[in-house]
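Subject: Handing over the two-chain model

Dear colleague,

Please find the structure below, followed by notes on what was found in it. I would be glad if you could read the notes with the coordinates open beside them.

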Amino acid sequence: MINKIKYEKLAVGLEFPPSYFSVDFNTLSAYLKATEDSSELYDEGIVPPMAIAALAMKALMGQFEILPGTVHTSQQLTFLNIARVGEKLISIAKVTRKIARGKFHMFSISINVQKENGEIVITGELGFVLPLLQEK
Amino acid sequence: MDITSLCENMNLPEHFKLIKQENINSYAHASSDFNPIHIDPEFAKKTELGGTVAHGMLVLAYVSSYMTSLFGKNWLTGGSLDIRFKAPARPGDILKISGKITHIIDDEKNKTISCDLICENQNRDAVITGEMKVRVKKQ
């Protein structure tokens with residue numbers, strides 16, 4: 001069982017352990033069905049970049065404690081290279097911002113997904129807001 | 001899309017998408033995100049949201065899919081999004097995705113197109129706002 005990083009331990013510069021994943025045909029098919037995306041590009045086994053982003057995010061979210069009330073408020077993504085079904089991908093994420101403003105905390109996490117050869121597939125940053133915790 | 005016809009201040013064609021619970025459920029399986037706020041109507045009814053809502057990333061996937069339909073492979077290798085989630089999208093909502101070209105940089109090898117982007121529901125409430133950029137390689 002993975003020990004999730006406590007929210008208090010998230011600090012700017014903290015790097016999460018890398019996550020390894022690949023997309024199989026079943027996942028691709030389920031994703032295209034869910035998004036009703038019928039682009040012929042994906043017939044060749046290309047994986048939509050948003051599918052990669054979703055899986056990278058899912059892996060990331062499993063690594064730290066998400067407190068009740070946390071809201072995913074912003075998303076920046078850049079698509080650089082195509083990935084195909086079965087390719088091994090590595091997601092690397094780091095805390096880039098954590099501040100308290102008014103009654104809220106805001107934090108951001110950068111994320112890079114690359115191939116085994118180091119070629120970057122997508123880069124991005126996720127922004128979150130959560131209610132400020134009461135001091136105990 | 002004929003890239004040569006694009007110019008600043010031009011609107012991209014509007015795109016409409018109906019949010020369906022069935023697709024939200026499929027997306028939960030595809031992304032392994034089974035948060036009950038998305039897929040359990042009974043649970044969701046008891047929350048502040050009052051019902052299930054689509055994954056933000058699903059709505060963003062619709063935006064990205066639309067961009068792929070406009071810009072093809074160029075979107076997959078040179079597209080970027082910088083957005084804010086403003087409001088949830090609910091089953092039954094009809095989302096309108098629209099964009100306005102704000103800037104075009106034309107150089108020897110590429111045309112880089114920047115757009116303001118908005119995705120709003122049938123009540124004209126913004127669901128997503130932001131910017132997108134795409135680098136289109138010249139033939």
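Helices (H or I, at least four residues) and strands (E, at least two) are taken here as DSSP runs, numbered from the N terminus. In those terms chain A has 2 helices and 5 strands, and from the N terminus on its elements follow the order β-α-α-β-β-β-β. This is a predicted model, in which local features need pLDDT of at least 70 and side-chain atom pairs count only at pLDDT 80 or more, while totals for chains, interfaces and linings use all residues. Residues are numbered from 1 along each chain as its sequence is written, and chains are lettered from A and ligands numbered from 1 in the order in which they are written.

The C-alpha atoms of chain A fill a box of roughly 55 × 30 × 30 Å along the principal axes. I call a residue buried if 20 or more other C-beta atoms lie within 10 Å of its own, exposed if 12 or fewer do, and partly exposed in between, with C-beta atoms placed from the backbone; on that basis, buried residues make up 28% of the 136 residues in chain A. Two residues are in contact if their C-beta atoms, again placed from the backbone, lie within 7 Å, and among contacts in chain A between residues at least 6 apart in sequence, 74% join residues at least 24 apart.

The contact between the chains takes 30 residues from chain A and 29 residues from chain B. On the side of chain A that touches chain B, the elements that give two or more residues are α1 (25-35), α2 (49-61) and β2 (71-79), and the largest share, 8 residues, comes from β2(A). Counting two strands as paired if DSSP finds at least two bridges between them, β2(A) pairs with strand β2 (residues 79-85) of chain B in the antiparallel sense over 5 bridges, and within this pairing Ser74(A) has Arg84(B) as its bridge partner.

In α1(A), the buried residues are Thr27(A), Leu28(A), Tyr31(A), Leu32(A), Ala34(A) and Thr35(A). Seen down the helix axis, the buried residues of α1(A) fall within an arc of 160 degrees (the arc being that of the directions from the helix axis to the C-beta atoms), so they line one face of the helix. An α-helix has 3.6 residues a turn, so residues three or four places apart point the same way. On the other side of α1(A), Phe25(A) and Asn26(A) are exposed, whereas its buried residues pack against α2 of chain A together with α1 (21-31) and α4 of chain B. Just after α1(A), Glu36(A) takes a positive phi of about 50 degrees.

Helix α4 (residues 56-71) of chain B has 13 of its 16 residues buried, so it is largely enclosed by the rest of the structure. A nonpolar core is a set of buried Ala, Val, Leu, Ile, Met, Phe, Trp, Tyr and Cys residues joined through C-beta atoms within 7 Å; the largest has 59 residues, and those with the most contacts inside it include Ala51(A), Leu58(B) and Val63(B). Not counting residues up to four places away in sequence, Ala51(A) touches Val23(A), Leu28(A) and Tyr31(A).

Finally, Phe16(A), in the segment before β1 (19-21) of chain A, is partly exposed, with 19 other C-beta atoms within 10 Å.

Best regards

Terms used. The expected span of a helix is 1.5 Å times one less than its number of residues.
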